[in-house]
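I opened the notebook to jot down what I looked up in this chain. Here are my entries, in the order I made them.

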Amino acid sequence: MHLEVYAANLRQGGAVVTAAGLIDGILELVSSENPHWLHRLDLIVSPQVRSNMTNASLVSDITNLQLTVREDTPKNVVLRGSANDPDVRYVVFGPEYLRSRARVTVTGFADGTLIPSWSGDPGDVGIAQVRNPRARIRRAIKKRYLGRYDAYIVQTAGMAHAISQEYGPKGVAILPNLLSAPFPKLEHRQIHALPPKQESETRLFYPAKAYPHKNHEFLADVSREYQGSFHSALTFVVTLTAEEYLRVFSNRGPNIINVGVVSAAELPSLYEQTDGLFFPSLNETFSSSPLEAAFMRRPIVISDRPFARDILSERASYFDPFDAVDAAQKIHNLRMLLGENSLALEKQLDLAQSWAHEHADARKVAAAYLGFILSVNQRTPN
């Protein structure tokens, strides 16, 4: 089989880190096992994905493998087709707009704002997005493109059901997200030093792009509420571009440390220097951030939404993402548990860390992905 793995459309956010980790796992698997069914492998990745890969040195050791690095945008790929006529083309995260010449095309999908994996209030996925005419057109185009794939890889049962409801009886696999290499492999980590903490300061991490559903504006309200109610500082560490920071936090004056866009190698260091993960997102499928925090034994304080309960169950604490008072109280409760060396919190961290370790073997995850892709190819008529 000639397989093309495509990730040149990924330029920002957690998808870049996840794609790099998956491709690292594929390289490790193919290098060590040389599967007989894989006659040729083409990897097409963006510069951002390439910079987060840790196993790129294996490329030269693998026969019949080609790595192409380029950045594809919706505008520059409209008239471009995929090359080399592969048997199967796997798009790590779609939809994308390149015309596929493959006999079979499979995509990974994790955009809960395009197809929610659960039923909720329209505000949960962003009312502005629904009301904006241009946004509605973009959504319609994306959903049309998403329907052209032969099979899908998703990360939760809820999204598998939603995809099946939308596009009928196509192949859908539920396969896990995975941790990037710097988490299980210490040699790939880099230090990103934060300013020293104040005495009694609570500092929580929120690595995310400033998409509307990520709910960054809520951080300012929670910080002020916490300061007013508990008379101590609450600081959030975020990973925004300068433009995003000004757009989200101008004239709000919250306690925010913006470290800018960071690489996967820097993330473990930032978790180590913060007290936990604060995740106020309104709509996700399976974000890598809770996995990362769990692996680093950092408490997770997350929106009380179905996606979070489905993924984390008793491994996290939950708050109403529209109620700053409730969020501040849950953070204060966590602060008290940390100060008391709570056995209940230790049990929660043990459960979460054990769960995260199940997602740390990139080679094992890659094998599951390739196994599904092979099965789709075998059952699809010529």
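Before anything else, a note on terms: helices are DSSP runs of H or I with at least four residues, and they are numbered from the N terminus. With that in hand, I placed Glu 33 in helix α1, which covers residues 14–33. I also reminded myself that this is a predicted model.

**Entry: Glu 33**

**Entry: the whole chain**

I stepped back and counted 13 helices and 13 strands in the chain. The radius of gyration is 21 Å, close to the 21 Å that the globule rule gives for 382 residues, so the chain is as compact as a globular protein of that length. Along the principal axes, the C-alpha atoms fill a box of roughly 65 × 50 × 35 Å.

Of the 382 residues, 55% are buried. I looked at contacts too: among those with a separation of 6 or more, 68% are between residues 24 or more positions apart. The accessible surface comes to about 16700 Å², and carbon and sulfur atoms hold 50% of it. For charge, I found 40 positive and 40 negative side chains, with the centres of the two sets 7 Å apart.

**Entry: strand β1**

Which way do the side chains of β1 point? I found His 2, Glu 4 and Tyr 6 pointing one way, and Leu 3, Val 5 and Ala 7 pointing the other way. In a regular strand the side chains alternate between the two faces of the sheet. Both sets in β1 are buried, and the tally for the strand, residues 2–7, is six of six.

I then looked for a partner. Strand β2 (residues 40–45) runs parallel to β1, and six bridges join the two. Within this pair, Tyr 6 stands opposite Ile 44 in β2.

I went looking for a cis peptide bond and found one joining Gly 94 and Pro 95, with omega at about 5°. Pro 95 sits in the loop between β4 (88–91) and β5 (104–108).

Positive phi values came next. Asn 215 is not a glycine, yet its phi is about 65°. I located Asn 215 in the loop between β8 (202–206) and α6 (217–230).

His 231 also has a positive phi, near 55°, and is likewise not a glycine. It lies in the loop between α6 and β9 (234–238).

Are these two buried or exposed? Asn 215 has 11% relative accessibility, so it counts as buried. His 231 has 66%, so it counts as exposed.

**Entry: Pro 207**

My last stop was Pro 207, in the loop between β8 and α6. Its relative accessibility is 12%, so Pro 207 counts as buried. What does it touch, leaving aside neighbours within four places in sequence? I listed Thr 239, Leu 267, Tyr 271, Leu 277 and Ser 289. For a distance across the chain, I noted 29 Å between the C-alpha atoms of Pro 207 and Leu 58, which are 149 residues apart in sequence.

Terms used. Residues are numbered from 1 along each chain as its sequence is written. This is a predicted model: local features need pLDDT of at least 70, side-chain atom pairs count only at pLDDT 80 or more; totals for chains, interfaces and linings use all residues. Side-chain values use heavy atoms; hydrogens and water are left out. The radius of gyration is taken over C-alpha atoms; the globule rule is 2.2 Å times the number of residues to the power 0.38. Buried means under 20% relative accessible area, exposed over 50%, partly exposed in between (1.4 Å probe, protein chains only). Contact means heavy atoms within 4.5 Å. Accessible areas come from the Shrake-Rupley method with a 1.4 Å probe; for residues, only the protein chains shown count as cover. Lys and Arg count as positive and Asp and Glu as negative; His and the chain ends are not counted. The place of a charge is taken as NZ of Lys, CZ of Arg, CG of Asp or CD of Glu. Two strands pair if DSSP finds at least two bridges between them.
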